2 protein chains.
Amino acid sequence: MRVLSLEDIDALLTMPDCIQVLEQAYREFGNGKAANIPRQDMITPRSGGRVHGFKTMSGSLPREQVVALRINSDIIHWPMIDGQLRREKIPAAPGGNWVGLILLFSTATGELLAILPDGVIQRMRVAATGGLGIKYLAKENAATMALLGSGWQAGSAAMAACAVRPLRQIRVFSPNPENRARFAAEMMAKLGVEVVPADSAQAACQGADIVSCATNALGTVFNVNWLEPGMHFVCVRHHEIDPEVYRRADRVVIHTKRGTPEHYIIDDDGRYPELKEGYDKLDLSSYPELRDLIAGKVASRGSDAEVTIFSNNLGLGLQFAAVGKHVLDLAKQQGKGRELPAGWFVQNVHP
Amino acid sequence: MRVLSLEDIDALLTMPDCIQVLEQAYREFGNGKAANIPRQDMITPRSGGRVHGFKTMSGSLPREQVVALRINSDIIHWPMIDGQLRREKIPAAPGGNWVGLILLFSTATGELLAILPDGVIQRMRVAATGGLGIKYLAKENAATMALLGSGWQAGSAAMAACAVRPLRQIRVFSPNPENRARFAAEMMAKLGVEVVPADSAQAACQGADIVSCATNALGTVFNVNWLEPGMHFVCVRHHEIDPEVYRRADRVVIHTKRGTPEHYIIDDDGRYPELKEGYDKLDLSSYPELRDLIAGKVASRGSDAEVTIFSNNLGLGLQFAAVGKHVLDLAKQQGKGRELPAGWFVQNVHP
């Protein structure tokens with residue numbers, strides 16, 4: 001049983017590989033050759049307006065003989081920052097850290113193969129999935145991208161976009177001017193593409209072929225008045241884009257119809273109005289899923305004038321199966337990680 | 001992060017303690033002070049009529065600041081044994097073993113506190129929960145018990161019954177005469193109660209105050225024609241008892257209304273007719289749950305003549321939270337188990 005660190009995973013996983021293994025997994029899933037147990041959140045109240053959030057999702061990828069279970073065990077609160085209500089995770093675990101784990105199991109033997117921290121893979125899978133949306137839906141000749149957000153997730157969103165389209169310019173906006181300037185400088189050095197800070201979200205979006213939202217805002221960050229023909233949108237949380245944009249779009253593809261996690265809440269007395277993160281504001285059930293697009297069951301973009309959206313709402317356990325197994329295979333090849341005795345995680349009885 | 005072995009747990013957990021911590025957890029749950037994510041099964045087909053079954057359930061017990069996630073990763077097939085279709089788990093994990101794990105997380109810090117094998121706790125929690133049914137529903141002066149089944153689960157069912165009623169005799173039946181004779185001798189020595197093998201299920205049940213079913217049969221093992229006034233029934237799988245007994249019973253209490261796991265099946269082409277283990281044959285939704293009984297929200301037995309049933313159908317993650325945390329506390333006090341660095345299971349980023 002192998003235990004990997006964030007550093008191990010960071011050194012092993014590239015964006016192009018991540019996009020490739022996910023594309024293959026979605027094709028399998030779209031053809032009925034994979035399974036996924038949707039996300040479930042169990043909320044336990046704590047003192048001081050905090051809650052413990054326990055989030056799980058699972059997926060099975062028979063082609064790789066692997067099942068993944070991803071677990072987040074978070075201490076959460078909701079501060080108001082820059083006039084926006086935000087959902088924040090408090091690093092309350094030993095050493096001032098957070099807790100997110102991926103467990104990989106063999107479908108051939110049942111054994112626990114590995115425990116991985118989820119941080120790097122989470123960042124990469126969100127962006128790579130958005131990248132697949134760009135690959136299948138954005139204009140072939142897309143050259144400019146507006147990036148709303150300058151955090152960790154925004155960086156990987158830029159990497160993913162560059163992996164699937166030959167971008168010439170990325171314009172980044174986030175409320176803090178220092179953050180966006182620092183981000184632009186860092187990403188330009190990393191990607192070899194022009195990355196410029198924009199003074200407003202609107203300025204960033206003007207004339208952009210792709211609009212990528214990577215914020216943790218609980219409200220809308222793209223206004224429908226900024227909409228132009230040919231734009232492709234990618235967002236993690238669908239409410240980042242004005243609902244009117246969905247209505248006007250020619251094609252909308254979503255990550256999963258199951259847009260809301262199932263919630264199990266202790267003492268649910270209405271104290272946590274933002275718990276569901278605005279997931280309920282739009283009915284996603286009529287849109288096709290990414291697996292349908294990648295398996296060729298629905299058409300991709302029809303013309304350069306179309307407005308398209310890929311709304312990458314909730315994570316799927318299947319993503320962690322595909323990317324986790326890929327990382328584990330590389331770790332074994334390269335001798336990375338700690339190997340613990342398999343005997344500690346099996347038993348000679350069965351229930 | 002502490003890793004315990006089956007031997008550690010076996011040495012730490014007693015049946016009376018197990019019953020006590022579960023009783024407290026059900027009282028909390030019945031009063032809205034605990035949460036539970038129901039069991040979900042993901043089925044991946046393998047060659048040779050086998051499948052990989054991935055089963056999860058979770059529970060939160062705020063009183064103990066703990067969340068448990070129980071995972072089973074099994075290679076399953078369905079052989080015909082003694083004329084009954086059985087569901088069997090193949091020990092395909094390293095060393096010819098099975099895989100069942102309990103992960104405990106702190107709701108105060110989010111951290112992974114422990115990984116435990118689930119075998120001993122599974123055996124004990126099933127029996128202890130049945131014991132709670134006996135405590136609240138069987139006749140006060142119950143003296144004799146019929147035990148159908150002579151396996152591992154039957155042994156703990158006998159222990160649990162003896163912990164809550166001063167039994168004088170247990171009559172055991174299972175199809176193989178050697179098994180029941182061996183079981184009777186072993187349990188008599190262990191419990192200090194008369195344990196006798198019976199020649200038939202009917203002979204075991206005649207005149208019994210309690211009928212306890214602990215088989216892995218997929219069919220009925222108690223026939224309605226054997227029913228007598230005052231009997232209390234306890235079973236793990238509700239179909240072990242003839243549906244007519246449920247209709248004639250004065251009180252039926254179930255473990256959870258969610259009588260069927262949610263199934264996620266790859267290639268579900270009808271090849272696995274017994275996958276759902278007969279759960280669908282009876283509608284349990286009208287019966288109160290054990291938590292309601294223990295929290296005093298529904299009445300227990302009204303007279304010695306009543307027929308009562310506790311049908312302990314599906315496991316609850318909450319049971320593993322309550323019993324797992326109790327075991328972990330004892331392990332820490334007594335220095336049992338392996339302590340791994342907490343830093344291996346946290347991360348300095350968060351998704």
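# Close-up views of a predicted two-chain model

**View 1. B:Arg171 has B:Val196 as its bridge partner in β12(B).** Strand β11 of chain B, residues 169–173, pairs with β12(B) in the parallel sense over 4 bridges, where pairing requires that DSSP find at least two bridges between two strands. Helices and strands are DSSP runs numbered from the N terminus (helices H or I with at least four residues, strands E with at least two). The model is predicted, local features need pLDDT of at least 70, side-chain atom pairs count only at pLDDT 80 or more, and totals for chains, interfaces and linings use all residues. Residues are numbered from 1 along each chain as its sequence is written, while chains are lettered from A and ligands numbered from 1 in the order in which they are written.

**View 2. An open sheet of 7 strands in chain B is paired in the parallel sense.** The strand order is β12-β11-β10-β13-β14-β17-β15, and the edge strands, each pairing on one side only, are β12 (194–197) and β15 (251–254) of chain B. From one strand to the next the twist averages 15°, with axes fitted as lines to C-alpha atoms, for helices over the stretch in contact, and angles between N-to-C directions running from 0 to 180 degrees. Helix α4 of chain B, residues 152–164, lies across β10 (144–148), β11 and β13 (210–213) of chain B and runs at about 165° to β10(B). Helix α5 of chain B, residues 177–191, lies across β11 and β12 of chain B and runs at about 180° to β12(B).

**View 3. In chain A, strand β14 (residues 232–235) and strand β17 (residues 308–311) pair in the parallel sense over 4 bridges.** Within this pair, A:His232 stands opposite A:Thr308 in β17(A). Helix α3(A) packs on the sheet, where it touches β13 (210–213), β14, β15 and β17 of chain A, and its direction makes about 165° with that of β14(A). Helix α4 of chain A, residues 152–164, also packs on the sheet, touching β10 (144–148), β11 (169–173) and β13 of chain A, with its direction at about 165° to that of β10(A).

**View 4. The contact between the chains takes 59 residues from chain A and 59 residues from chain B.** Two residues are in contact if their C-beta atoms, placed from the backbone, lie within 7 Å. On the side of chain A that touches chain B, at least two residues each come from several elements, including β2 (35–45), β3 (51–61) and α3 (119–137) of chain A. The residues of that side divide into 30 nonpolar, 21 polar and 8 charged, with Ala, Val, Leu, Ile, Met, Phe, Trp, Tyr, Cys and Pro counted as nonpolar, Asp, Glu, Lys and Arg as charged, and the others, Gly among them, as polar.

**View 5. A:Pro177 is placed in helix α5 (residues 177–191) of chain A.** A:Pro177 counts as exposed because it has 11 C-beta neighbours inside 10 Å; a residue is exposed if 12 or fewer other C-beta atoms, placed from the backbone, lie within 10 Å of its own, buried if 20 or more do, and partly exposed in between. From C-alpha to C-alpha, A:Pro177 and A:Leu340 are 46 Å apart in space, and they are 163 residues apart in sequence.
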